[in-house]
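Open the structure in your viewer and keep the sequence panel beside it. The tour goes stop by stop: select, look, move on.

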Amino acid sequence: MTKVSVIIPYLNGPSYLEECVQSIENQNRPDLEVLLVDDRGGDAVPVSVLEKEFVRHIVLERERDPERTPFDVVAASSNETGSNEKGPFGVAAARNAGVRHAKGEYLYFLDADDYLWEDALTRLVELADEKEADVVTGNRCFSWFRPVSFTVDGAQADTEVKGIAPLRDEALLSVLADRFTVQHLLVRTAYFNGLDLEFDEQNMFYSDAFVAAGILLFAGSVWADGSSRYVCRLHNDPIHLPSLSQKKAERRTRDFIESYEAACRIWQGEVGEGKKWGGLYMKYPGHLNFALDMKYAFDLLLVRFAVQHFPGRLNGEVARRFTRELREIPKEEWKRIKKEFGFLQTRQISCLKKGNYRAAKLFAKLAFVWKKKKGLFGTAVQRRRIIDALFFQKMKLLPHTILFESFLGKSYSDSPKYIFEYLNENYPGKYQCVWAYADQKRDIPFPAKQVKRLGLRYFYYMARSGYLVFNGRQPTFYKKRKGSVFLETWHGTPLKKLVFDMDDVTSASPLYKEDVYYQTRAWDHLVAPNEFSENIFRRAFSYEGNILKTGYPRNDILYHPDKEALAMQIKKELRLPEDKKVILYAPTWRDDEYYGPGMYKFSLKLDLCRMREELGNEYVVILRTHYFIADALDLSGFEGFAYNVSKYDDVARLYLVSDVLITDYSSVFFDYANLRRPMLFFTYDLEKYRGILRGFYIDVEQELPGPMLFCTEEIIDAIHNLRAIQENYEERYKKFCDKYCAWEDGQAARRVVDAVFLPDHKEMEKH
């Protein structure tokens with residue numbers, strides 16, 4: 001006999017679904033079935049899922065019925081012929097179809113983009129059998145990550161049930177108020193059918209509330225096992241694959257109110273002796289006091305939704321009905337409400353109670369601004385944004401002004417530097433150049449203003465410059481103005497997967513994908529160093545603008561006609577011994593090790609003591625960490641052997657003085673390859689980085705033009721045998737350069753300037 005029927009509504013996200021179904025299979029229960037209800041019209045169900053014996057595929061066919069709503073469909077089972085029941089598509093319709101076809105002793109509701117942690121379902125079934133419970137549940141966690149990256153310690157829980165315990169009184173109220181969904185409820189099928197409940201198929205966003213309330217309200221026995229964990233997977237790509245909660249729609253407020261009222265009706269209607277005030281309080285058999293949590297109701301219904309739409313987008317009758325509900329709440333309860341909320345929010349609620357929606361909106365906006373700005377006047381950047389919006393954005397563009405920024409203003413370097421220098425050497429005096437700096441001003445060889453990043457003058461030039469040349473993402477508050485030109489040079493050939501090619505975002509900004517999507521809409525030109533990068537940039541950035549197939553201006557220096565003399569000059573500048581060879585170690589950051597956005601941790605894995613013993617007579621080591629890394633390297637005791645050059649602006653100049661490069665997953669090796677010098681890859685955490693954190697675009701075992709090494713001893717041995725390594729990797733190195741360095745010839749800056757600024761040069765010559 002089938003013990004459990006797992007009902008999964010599915011529309012899109014095939015990779016999510018595969019991991020969801022795999023988590024069910026990992027329960028190792030032969031007595032379950034998965035009812036995969038396919039909302040046809042979305043992504044096709046993966047074959048790997050359909051091939052599983054325990055999966056039954058039920059399809060909701062979309063067909064417009066002129067006598068019904070635009071959302072109507074025909075529900076039909078691909079496994080059972082003759083089913084032709086009409087109803088809307090969506091989560092509610094899918095769950096109803098799943099319940100109708102279920103054959104299990106228990107029903108279990110799981111969303112296609114979520115998954116079960118370890119033996120979550122098995123624990124619930126065993127508890128239900130032991131306690132003969134109508135309903136059992138466990139803890140529900142939220143995570144941005146796939147199962148392979150999930151950790152219990154890093155997950156946020158909506159409720160935290162400890163151990164195994166019955167849910168009643170306040171404990172039951174807590175679960176209902178915080179969860180209000182059928183997710184992770186294992187319900188005895190006979191009990192559910194006896195309730196005669198259906199999910200509201202006209203309610204797109206909040207069809208759960210009514211059913212969840214009924215299930216929990218009338219159950220004779222409800223138990224929970226805190227070790228059973230359901231993981232709600234948050235979507236880090238709300239652009240291409242938003243979850244239902246991330247979708248924006250005018251009907252969201254209406255759906256919430258209707259769901260709320262339906263839940264209230266079931267509490268009132270089924271128990272006649274309950275005292276009603278606002279539909280929020282009642283008594284049911286057994287004289288157990290039960291109330292919908294007021295904080296939850298007002299926070300979600302009033303603060304987040306209702307005030308955004310009253311009275312315009314919601315019809316007047318709904319607004320008036322809601323106002324009547326508020327007026328029925330007793331004075332004693334209002335006193336408690338005022339303790340839960342701040343002054344502005346209580347004023348907002350009072351205005352709603354009186355039907356004064358205009359005033360309610362005003363207080364809601366004030367409350368939002370106060371929270372957002374963390375006080376009356378906000379942060380310095382927020383105040384500058386106000387000045388920018390009121391004044392700078394309304395001023396005329398300065399068409400011959402260029403704002404340059406490299407690595408968030410942390411250096412005078414990279415492709416912006418070489419474009420700037422080419423312009424000044426070939427078109428002197430034709431442009432007003434402005435450089436942004438983060439910490440201190442730089443020595444710049446040509447006339448240029450320098451403005452502090454995020455300072456008032458920075459906002460001024462962001463708003464008024466005719467051209468902006470950046471090698472990274474611009475601030476999220478930047479608004480592209482008509483007539484301005486944004487040149488994005490980016491900062492490397494990608495080895496690590498970027499943005500929309502990443503499954504998980506393990507960095508400090510989980511909504512990184514959404515931010516990047518809107519930032520790249522402002523880019524007019526994007527520089528690509530090779531054909532490989534061109535294809536990846538187009539897809540990974542979801543970029544539709546112009547890509548410049550020019551090579552990187554920052555690599556022009558590697559083709560300097562007298563680079564040997566230049567290298568000696570740089571050695572003297574760095575105070576490196578002229579009689580020793582130089583090893584450059586340039587690692588990248590780890591996405592999951594951070595203090596905050598743009599501030600990453602780093603611990604040195606090289607054994608400098610051992611390296612000095614073995615290599616100190618012939619070599620020195622210079623260490624250059626990524627600009628995102630916040631930790632300062634402590635090289636005390638290694639003077640004369642190890643040099644920290646992390647603050648040195650231009651890494652390309654460090655390439656010139658280096659005889660060998662050691663790196664890991666940094667894109668520096670794509671650039672360094674232009675010199676045809678030996679490279680070693682210190683990949684001590686390869687499996688974690690490749691399998692969990694990022695993933696790679698290339699087959700590193702087959703393409704890297706040097707050996708992959710995993711400890712200091714292997715590094716030392718490789719340096720002792722560089723000649724043999726060069727011979728062994730000669731053919732691979734040649735193929736690597738043909739693929740990734742073919743566009744580089746020392747003329748990239750000229751090509752970029754001709755493509756972006758040449759039309760402006762011709763216009764200036766006319767005048």
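In which helix does isoleucine 386 lie? Select it and find out: isoleucine 386 is in helix 14. Keep in mind throughout that this is a predicted model.

**Stop 1: a nonpolar patch**

Stay on isoleucine 386. Its relative accessibility is 37%, so it counts as partly exposed. Together with Ile386 they form a nonpolar patch on the surface. The accessible area of the patch is about 430 Å². Which helix gives the most to the patch? Colour residues 380-390, which are helix 14: this helix gives the most, with three residues.

**Stop 2: the whole chain**

Zoom out and switch to cartoon. The chain has 29 helices and 29 strands. Of its 767 residues, 58% count as buried. The accessible surface of the chain is about 34500 Å², and carbon and sulfur atoms account for 49% of it. Next, consider contacts between residues at least 6 apart in sequence. Of these, 69% join residues at least 24 apart.

**Stop 3: arginine 653**

Select residues 651-657. This is helix 21, and arginine 653 lies in it. Is arginine 653 buried or exposed? It is buried, because its relative accessible area is 15%, and the cut-off for buried is under 20%.

Show the residues around arginine 653. Leaving out residues up to four places away in sequence, it touches Lys417, Tyr418, Ile557, Leu566, Gln569, Ile570, Glu573 and Tyr648. Pick glutamate 573 from that set. Its side chain makes a polar contact with the side chain of arginine 653, at 3.1 Å.

**Stop 4: helix 7**

Select residues 208-218, which make up helix 7. Why is helix 7 described as largely enclosed by the rest of the structure? Nine of its 11 residues are buried, so the rest of the structure largely encloses it. To see them, highlight Asp208, Ala209, Val211, Ala212, Ala213, Gly214, Ile215, Leu216 and Leu217.

**Stop 5: the cysteines**

Show cysteine sulfurs. How many disulfides are found in the whole structure? The search finds zero. Go to cysteine 232. The closest cysteine sulfur is in cysteine 141, 8.4 Å away, which is too far for a bond. A disulfide would need the two sulfur atoms within 2.5 Å. Cysteine 232 also counts as buried, at 6% relative accessibility. Then jump to cysteine 351. That residue is buried, with a relative accessible area of 6%.

**Stop 6: two loop residues**

Finish in the loops. Select asparagine 28, between helix 1 (14-25) and strand 2 (32-39). Its phi is near 55°, a positive value in a residue other than glycine. Asparagine 28 is exposed, with a relative accessible area of 67%.

Now move to glutamate 118. Where is it found? Look in the loop between strand 7 (115-117) and helix 4 (120-131). Phi of glutamate 118 is near 55°, again a positive value in a residue other than glycine. Glutamate 118 is exposed, at 55% relative accessible area.

Key. Residues are numbered from 1 along each chain as its sequence is written. This is a predicted model: local features need pLDDT of at least 70, side-chain atom pairs count only at pLDDT 80 or more; totals for chains, interfaces and linings use all residues. Side-chain values use heavy atoms; hydrogens and water are left out. Helices (H or I, at least four residues) and strands (E, at least two) are DSSP runs, numbered from the N terminus. Buried means under 20% relative accessible area, exposed over 50%, partly exposed in between (1.4 Å probe, protein chains only). Contact means heavy atoms within 4.5 Å. Accessible areas come from the Shrake-Rupley method with a 1.4 Å probe; for residues, only the protein chains shown count as cover. Patches are made of residues with over 30% relative accessible area and no salt bridge: like charges are joined within 9 Å, nonpolar side chains (Val, Leu, Ile, Met, Phe, Trp, Tyr) within 5 Å. A salt bridge is a side-chain nitrogen of Lys or Arg within 4 Å of a carboxyl oxygen of Asp or Glu. A polar contact is a pair of N or O atoms within 3.5 Å; within protein, one must be able to donate a hydrogen and the other to accept it, and residues adjacent in sequence count only if both atoms are side-chain atoms.
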